[in-house]
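Please look over the sequence and the model, then read on.

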Amino acid sequence: MSKYRKTLYFPGGGRKEIYAKTKKELDEKILEAKMQLRAGVKLDENPQFGKFAIMWYEACKKPNIQQSTREYYKNVLNNHILPYLGNLPIRSITAMHIVAVMNELEGKSKELNRKTLQTLRNIFDSAVDNGLLIKSPVPITMKPGGIAGAKKESLSREHEAVLLDTLKDTRAYPFVFIALNTGMRRGEICGLKWDCVDLEKGIIYVRRNLVFNNTSSQLNDYLKTDCSIRDLPITPALEAELRRMKAETKSVFVISGADGQAMTRSSFRSMWECVNRRKTDPTKKARYGSVERCIDFEVTPHLLRHTFLTRCFENGLDLKEVQCLAGHKTPELTMSIYLHYQQE
């Protein structure tokens with residue numbers, strides 16, 4: 001039980017009661033409090049970490065990110081940070097608390113570890129900026145652990161030919177063909193309108209992104225990063241395919257749902273079933289009847305983009321050129337693909 005107490009008055013009004021078991025401990029706490037006041041710390045405010053973290057997310061993060069990224073942040077906060085730190089006063093959290101949170105991620109992916117640590121850094125840096133802390137408790141030298149994901153293997157030229165030949169008369173063919181010839185992201189292809197396709201100049205202007213929500217889709221004029229805004233050259237083969245598609249559609253979207261409107265999550269999945277049902281999976285024979293299964297390799301929308309970027313390196317483009325075509329924010333992202341290509 002504390003035997004000593006002193007009231008510390010703040011210059012701008014307000015006060016704080018300081019308790020200690022000994023006179024020496026009381027003097028040390030008062031000295032520390034005065035140092036914090038001089039550093040600009042608001043000692044009359046010590047919110048729960050959870051409340052501050054949610055306020056940070058709503059004010060600083062949510063307005064500037066896409067829906068899919070919002071879901072990722074909510075997963076990191078709700079499942080990996082707030083259960084351990086949410087009810088603690090923000091100034092009571094120490095480096096040991098941070099270490100404990102990160103230790104709970106042992107065995108999880110390296111990406112989840114990286115995102116969790118970065119989120120903790122951002123929240124506590126914001127607390128410092130807002131006068132709640134002198135210093136962030138997240139150790140400067142701490143690095144994310146976790147298990148690295150499997151390296152993405154691009155499609156071989158043989159697999160690429162099999163894929164296009166197998167899908168030739170299906171709804172998935174235009175999407176796959178565009179992805180393999182431009183390296184555009186799924187949302188960029190689904191958000192592409194004909195007003196951004198200049199067949200005379202041979203340019204696709206990447207300016208929109210379609211985000212799939214649970215029951216609908218949202219067309220955004222802002223992309224993943226500023227670097228995602230880019231102009232892509234149209235190859236002769238792609239030009240021929242785009243002219244054919246434009247002549248056969250009344251939709252403003254290059255890739256659209258059956259009603260001519262923007263694709264939804266369900267309509268995209270339905271289209272992608274054209275790929276899945278042609279995979280050599282014996283468990284699906286009864287479901288798909290006599291559909292010929294020629295695809296004995298894995299295919300995802302992102303793998304098509306990865307394949308395009310690998311082809312760029314194969315054709316002699318340098319790192320900066322590929323970075324611009326990919327719309328990568330940093331050359332490190334492009335370099336990881338390049339190094340993998342070199343190893344192969």
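## Helix H7

In this predicted model, 10 of the 10 residues of helix H7 (residues 173–182) are buried, so the helix is largely enclosed by the rest of the structure. A residue counts as buried when its relative accessible area is under 20%.

After H7 comes Gly183, which has a positive phi, near 75°.

## A sheet of three strands

Strands E3, E4 and E7 form an open sheet in the order E3-E4-E7, with antiparallel pairing. Its edge strands are E3 (197–198) and E7 (230–233), each of which pairs on one side only. In general, strands of a sheet pair through backbone hydrogen bonds, either parallel or antiparallel.

Which strand is joined to E7, and by how many bridges? Strand E4 (residues 203–206) is joined to E7 by four bridges, and these two strands run antiparallel. One of the residues involved is Ile203, whose bridge partner in E7 is Pro233.

## Cysteines

How many disulfides are there? The count is zero, where a disulfide would need a pair of cysteine sulfur atoms within 2.5 Å.

Are Cys190 and Cys312 buried or exposed? Cys190 has a relative accessible area of 0%, so Cys190 is buried. Cys312 has a relative accessibility of 7% and therefore also counts as buried.

Terms used
Residues are numbered from 1 along each chain as its sequence is written. This is a predicted model: local features need pLDDT of at least 70, side-chain atom pairs count only at pLDDT 80 or more; totals for chains, interfaces and linings use all residues. Side-chain values use heavy atoms; hydrogens and water are left out. Buried means under 20% relative accessible area, exposed over 50%, partly exposed in between (1.4 Å probe, protein chains only). Two strands pair if DSSP finds at least two bridges between them.
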